[in-house]
Amino acid sequence: MEERLQKILSRAGYGSRRACEELISKGRVMVNGRLATLGMKADPGTDRIEVNGKLVGAAEALQYIALYKPRNVISASQPQDERDTVRDLVEVPGTLYPVGRLDVDSEGLILMTNDGALTNRLTHPRYEHEKEYRVLVASRPDEKQLAAWQGGVVLEDGYRTQPAKVRVTSTKGKGAWMQVILTEGRKRQIREMGRLTGLPVVRIIRVRIGSLRLGNLKPKEWRHLTPDEVAELKGEPTGQRQPKKENRTGRSQNKKDYRPTRKEPRKRK
């Protein structure tokens, strides 16, 4: 049965449908030896589909993993330079790519999956999924600065950020920790909001994506999502299962569902 090519690629683990459309438009996809074009349909059961010269096989089993991305790790599935990527930190076979990217200087929750439909749901602007951050700024914000973050800041390109939920949660020396909840994710948005309002950002930790929380994970640690967590992210009814108990280090007591990583950075040739 023929389907849109980007749908086939997404189901096979090549990213969201938008990401797969980019693969097609960049000339990296072939169907039966011919260059694929946007809008093309194919039958995965009979047609030979290749991405970057590699034959697209059967769809992989879907995987969902919560990872604590540390600073100086790139939010990418493929290496771009000598630095580690988030994919290097999750030692499981198959295709995985990050949902909800963080810049290299930021840390916290990243969802790793091969579910293209969920990726689209969590990243498309129309769904307005919340992303929550703990943000340390170098000075204590006044009411005017908080109001600017809450109402929207005009960035240098003229774009006004969407209203955000912002409040001070504690002080630290001359600075302060803030809770920041956004429904959008422009590149380096929080750091730019801080710079433009006189609140230099020292540290950013993402603690939530939609209904998924970072919990007790530590930098470089990861775990599989529970069925209920996946269902909540998809907006589906949950089975009301009891959450797995975690010990004080954040490690799941079910070893199959948790794989902390503490390996040294990869040396690339």
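Mentor: First, a definition. Buried means under 20% relative accessible area, exposed over 50%, and partly exposed in between, with a 1.4 Å probe and protein chains only. Helices (H or I, at least four residues) and strands (E, at least two) are DSSP runs, numbered from the N terminus. In H4, the buried residues are Gly 116, Leu 118, Thr 119, Asn 120 and Leu 122.

Trainee: What should I know about the model and its numbering?

Mentor: The model is predicted; local features need pLDDT of at least 70, side-chain atom pairs count only at pLDDT 80 or more, and totals for chains, interfaces and linings use all residues. Residues are numbered from 1 along each chain as its sequence is written, and side-chain values use heavy atoms, with hydrogens and water left out.

Trainee: How many helices and strands does the chain have?

Mentor: Seven helices and 15 strands. The chain has 269 residues, and 46% of them are buried.

Trainee: Why is Asp 115 called buried?

Mentor: Its relative accessibility is 5%. The limit for buried is under 20%. Therefore Asp 115 counts as buried. Asp 115 sits in the loop between strand S9 (107–113) and helix H4 (116–123).

Trainee: Which side chains make polar contacts with the side chain of Asp 115?

Mentor: A polar contact is a pair of N or O atoms within 3.5 Å; within protein, one must be able to donate a hydrogen and the other to accept it, and residues adjacent in sequence count only if both atoms are side-chain atoms. The side chain of Tyr 64 qualifies at 2.5 Å. The side chain of Lys 234 qualifies at 3.3 Å. At the start of H4, a side-chain oxygen of Asp 115 also comes to within 3.1 Å of the backbone nitrogen of Ala 117.

Trainee: Which residues is Asp 115 in contact with, leaving aside neighbours within four places in sequence?

Mentor: Contact means heavy atoms within 4.5 Å. On that basis, the list is Leu 62, Tyr 64, Tyr 97 and Lys 234.

Trainee: What makes a group of residues a nonpolar core?

Mentor: The members are buried Ala, Val, Leu, Ile, Met, Phe, Trp, Tyr and Cys residues, joined through side-chain atoms within 4.5 Å. The largest such core here has 29 residues. Val 90, Met 112, Val 135, Trp 149, Val 180 and Ile 190 touch the most other members. Strand S12 gives the most to this core, with four residues. A second, separate core of 19 residues includes Leu 136, Trp 177, Ile 205 and Val 230.

Trainee: How do you know that S10 is largely enclosed by the rest of the structure?

Mentor: Six of its seven residues are buried, so S10 is largely enclosed.

Trainee: What makes S10 and S12 a pair?

Mentor: Two strands pair if DSSP finds at least two bridges between them. S10 and S12 have seven, in the antiparallel sense. Tyr 133 has Val 180 in S12 as its bridge partner. S10 also pairs with S13, again antiparallel and over seven bridges.

Trainee: Which strands stand at the edges of the open four-stranded sheet, and why?

Mentor: The order is S3-S2-S5-S6, with antiparallel pairing. Strand S3 (34–35) and strand S6 (54–55) each have a single partner strand, so one side of each is left without a neighbour in the sheet. Strand S2 (residues 29–31) and S3 are joined by two bridges, and Met 30 has Leu 35 as its partner in S3.

Trainee: Why is the link between Glu 132 and Arg 208 called a salt bridge?

Mentor: The rule asks for a side-chain nitrogen of Lys or Arg within 4 Å of a carboxyl oxygen of Asp or Glu. Here the closest N and O atoms are 2.8 Å apart, and the pair passes. Glu 132 is in strand S10 and Arg 208 in strand S13, 76 residues apart. Both Glu 132 and Arg 208 are buried.

Trainee: How many salt bridges does the rule give?

Mentor: The count is 17. One of them joins the side chains of Glu 192 and Arg 195, at 2.8 Å, N to O. Those two are three residues apart in helix H6, which means about one helical turn between them.

Trainee: Why is Arg 195 called partly exposed?

Mentor: Its relative accessibility is 45%, in between the two limits given for buried and exposed.
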